[in-house]
Amino acid sequence: MAAKRAAKKPNVSGEELTQYYRDMLLIRRFEEKAGQLYGMGLIGGFCHLYIGQEAVVVGLEAATEEGDKRITSYRDHGHMLACGMDANGVMAELTGREGGYSKGKGGSMHMFSKEKHFYGGHGIVGAQVPLGAGLAFADKYKDNGRVTFTYFGDGAANQGQVYETFNMAALWDLPVVFVIENNQYAMGTAQARSTSSHDIYKRGEAFGIPGEMVDGMDVLAVKDAGERAIKHCRSGKGPYILEVKTYRYRGHSMSDPAKYRTREEVQKMREERDPIENVRQMLLTGNHASEDDLKAIDKEIKAIVNASADFAKESPLPDEAELWTDIYA
Amino acid sequence: MATEILMPALSPTMEEGTLAKWLVKEGDTVQSGDILAEIETDKATMEFEAVDEGVIGKILVAEGTEGVAVNTAIAILAEDGEDVSTLEAATAPAEAAAPADDALEANSAAPATVAAPEVPAPDLSPDWPEGTPMKSQTVREALRDAMAEEMCADGDVYLMGEEVAEYQGAYKVSQGLLDEFGSKRVIDTPITEHGFAGIAVGAAFGGLKPIVEFMTFNFAMQAIDQIINSAAKTLYMSGGQMGAPMVFRGPNGAAARVGAQHSQDYAAWYAQIPGLKVAMPYSASDAKGLLKSAIRDPNPVIFLENEIIYGRSFDVPDIEDFTIPFGKARIWREGSDVTIVSFGIGMQYALEAAEKLAEDGISAEVIDLRTLRPIDYDTVIASVMKTNRCVTVEEGWPVGSIGNHLSATIMQRAFDFLDAPVINCTGKDVPMPYAANLEKLALTTTDEVIAAVKQVTYR
């Protein structure tokens, strides 16, 4: 990967590293549990797991301030956990229960939290891109100094509305960071088979939007880039593009036979580039944590995730009267 | 503790599958992510990965077994060091598919019921008090005033669209607004409907109250995903946490001689969408009163105007803060022999027909629906119960039209009151032709409405 890496000896505290480790591990364990519940038939429909991509949201969230907004696609569980949404509420939404963030009416792809400034959870590829620019439009209109992170994939980067949005975001200097989570496969189509140019971050050049490529398996590199992007936006210079190279270990959704890539490719990525293992090694070699410390964290995370699964199983189905609520304000 | 490995559901619809191949054997240690088996569904062969780490204690379903139901225990996973020889599968299959069954029952539980006909009591209160001073205004001016008044009242309301600012509006509806409110609130967009509609929906999520002008609704087809999937559904999908308080407005329907791609009535399309409200005014007073209500409404509103009636003048009440509520039809003309229901430019044909029918001694009651979501069914039903006959008039295509929907509702709520089948006068089932004579034939006409009324009154 030709992406920028963080400095060899990063200026980062053990505390910070431990937080990243914890946040990424929560996403991974949560997603594994979601996969398990899907297999048991407790989660239905489409379920897109974030396993492998954890460093992207954890790194970028570390760069945000209270009040900044985020919006993403249907692969959204990681974003919700990273911005502080409650694992119980997310898991219960996956099982379609009353205790879910959308009272069971949204599902895996459609969750929101006004409190955490998380604006979904969108099921139509690319549709969240103008929506995210619109959130930034509202912030600029109100002149409140906030920035919106608009996440989309390498697949969505080929949607026409993305470029309509780039044009207007640049034209109106909207404070929006476009985060292209390039996991290298648009569902089952490799980037080289779907995308005419290799460097998606350069696609903003035509609109005057600066962009950079980031190593999405390195949480510190992601955080650095996020800070640069957010500084650019907050200073009124308009939008910024981060193409974050990452990798999804699991299928596009649960019903993905994974015939478009080799198992060796996935295995190699897991073994050599895993973002969590990467931080784990930094914690150990930097003497920030012992094996026992990390085991304790693992145990703590497992307890949170198991509790969320229990909550999601025990939370009742939504009342039938909910069918008719929330259609009109 | 040992855990059961269950036959997984690998797609939203899978109920059973073939356990094609085991890739582990009893005694193997597995890590999370290791492939355990290959499973064939009706769609594909999938690899099945371990979720937990442990030792394969016992394989319960041999490879090659077909028709293995989802959630059947297929193997037992022991923790490291656990004695696997005593492990047995629990006999009861896990009860996991229950939520789906419940959901199906809920779906089929409520067939449409036929209620005994009840005479509704529609809201017949006047739109403005008697004696209110009136002024003559064009529909265009009324729409402009509605926007200006609401923008004065609420700083979160802004207007965006193609040519709304410096050009003063492609149809001059936004004339003067740029001067009055400045370029922050009256914004020219590039010609990029999908993109700017999405940006406006996002701005509404973010707390603003956008008015989006489409130069015509024909171009809104580029943006219809954002209108329906993002604006209309988010309140529901978010469990009531956030929605899109905004208005999408612009001319709708056929103009004159602009051909198939620029001549289409979207009334029935948008009226179908739960989460949207839809207005389609005819008069200037309704245009003003409904647009002001639309801008204040916390939901996304589709506001369908018409180029041909922009320049037409009507009396508009000269009072401050005049609004018309959604879901309240207007009876333009009372009558006893037939009910003519229309909306938007269809009202022109309905009113002309009623005038001519009166000369022939047929008394037509003419109802303007004004809003198509919600629809004021009560006013229509009460009228049909009085006249026993109904003709609907609209410019859109016949299949799945508003008239079709009204016919079905009248049949359900007033079947015994009908002395004749309801007739729907609609545009013809063809793309709009350019040639003047063909275009005339493609639209519905006053003469067709008169003929339909004569048919239902057996004259």
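A:Asp143 sits in the loop between α5 and β3 (148–153) of chain A. That is our starting point. Helices and strands here are DSSP runs, numbered from the N terminus: helices are H or I with at least four residues, strands are E with at least two.

Some ground rules. This is a predicted model: local features need pLDDT of at least 70, side-chain atom pairs count only at pLDDT 80 or more, and totals for chains, interfaces and linings use all residues. Residues are numbered from 1 along each chain as its sequence is written, chains are lettered from A and ligands numbered from 1 in the order in which they are written, and side-chain values use heavy atoms, with hydrogens and water left out.

Back to A:Asp143. Its phi is near 55°, a positive value in a residue other than glycine. Is A:Asp143 buried or exposed? A:Asp143 is exposed, at a relative accessible area of 68%. The cut-offs: buried means under 20% relative accessible area, exposed means over 50%, and partly exposed is in between, with a 1.4 Å probe and protein chains only.

Now step back into the helix. A:Asp139 belongs to α5 (residues 128–142) of chain A. A:Asp139 has 2% relative accessibility, so it counts as buried. Which side chain does the side chain of A:Asp139 meet in a polar contact? That of A:Asn144, at 2.9 Å. A polar contact is a pair of N or O atoms within 3.5 Å; within protein, one must be able to donate a hydrogen and the other to accept it, and residues adjacent in sequence count only if both atoms are side-chain atoms. Set aside neighbours within four places in sequence, and A:Asp139 is in contact with A:Lys69, A:Asn144, A:Arg146 and A:Thr148. Contact means heavy atoms within 4.5 Å.

Next, A:Thr95. This residue lies in the loop between α4 (87–94) and β2 (118–121) of chain A. A:Thr95 is buried, with a relative accessible area of 6%. A polar atom of its side chain lies 2.9 Å from the backbone oxygen of A:Ala312. Not counting residues up to four places away in sequence, A:Thr95 touches A:Leu37, A:Leu42, A:Ile43 and A:Ala312.

One more helix in chain A: α10, residues 275–285. Which of its residues are buried? They are A:Pro275, A:Ile276, A:Val279, A:Arg280, A:Leu283 and A:Leu284. An α-helix has 3.6 residues a turn, so residues three or four places apart point the same way. The cover over the buried residues of α10(A) includes α1 (14–39), α2 (54–61), α8 (219–234), α9 (263–273) and α11 (291–314) of chain A. At the N-terminal end, A:Asp274 is the cap: a side-chain oxygen lies 3.1 Å from the backbone nitrogen of A:Ile276. Just after α10(A), A:Asn287 has a positive phi of about 55°.

On to chain B. Chain B has 13 helices and 22 strands. Its radius of gyration is 30 Å, well over the 23 Å that the globule rule gives for 459 residues, so chain B is more spread out than a compact globule. That radius is taken over C-alpha atoms, and the rule is 2.2 Å times the number of residues to the power 0.38. The C-alpha atoms of chain B fill a box of roughly 95 × 60 × 45 Å along the principal axes. Buried residues make up 54% of the 459.

First stop, B:Asn71, in the loop between β7 (65–69) and β8 (73–78). B:Asn71 has a positive phi of about 80°, although it is not a glycine. B:Asn71 is buried, with a relative accessible area of 5%.

Second stop, B:Trp397. Look in the loop between β21 (390–393) and α11 (402–414) of chain B. B:Trp397 counts as partly exposed, at 34% relative accessibility. Its side chain reaches the backbone oxygen of B:Lys428 at 3.4 Å. A polar atom of that side chain also lies 2.9 Å from the backbone oxygen of B:Val430.

Last stop, the segment after α13 (446–456) of chain B, where B:Arg459 is found. B:Arg459 is exposed, at 56% relative accessibility. How far apart are the C-alpha atoms of B:Arg459 and B:Ala75? They are separated by 80 Å, and the two residues are 384 apart along the chain.
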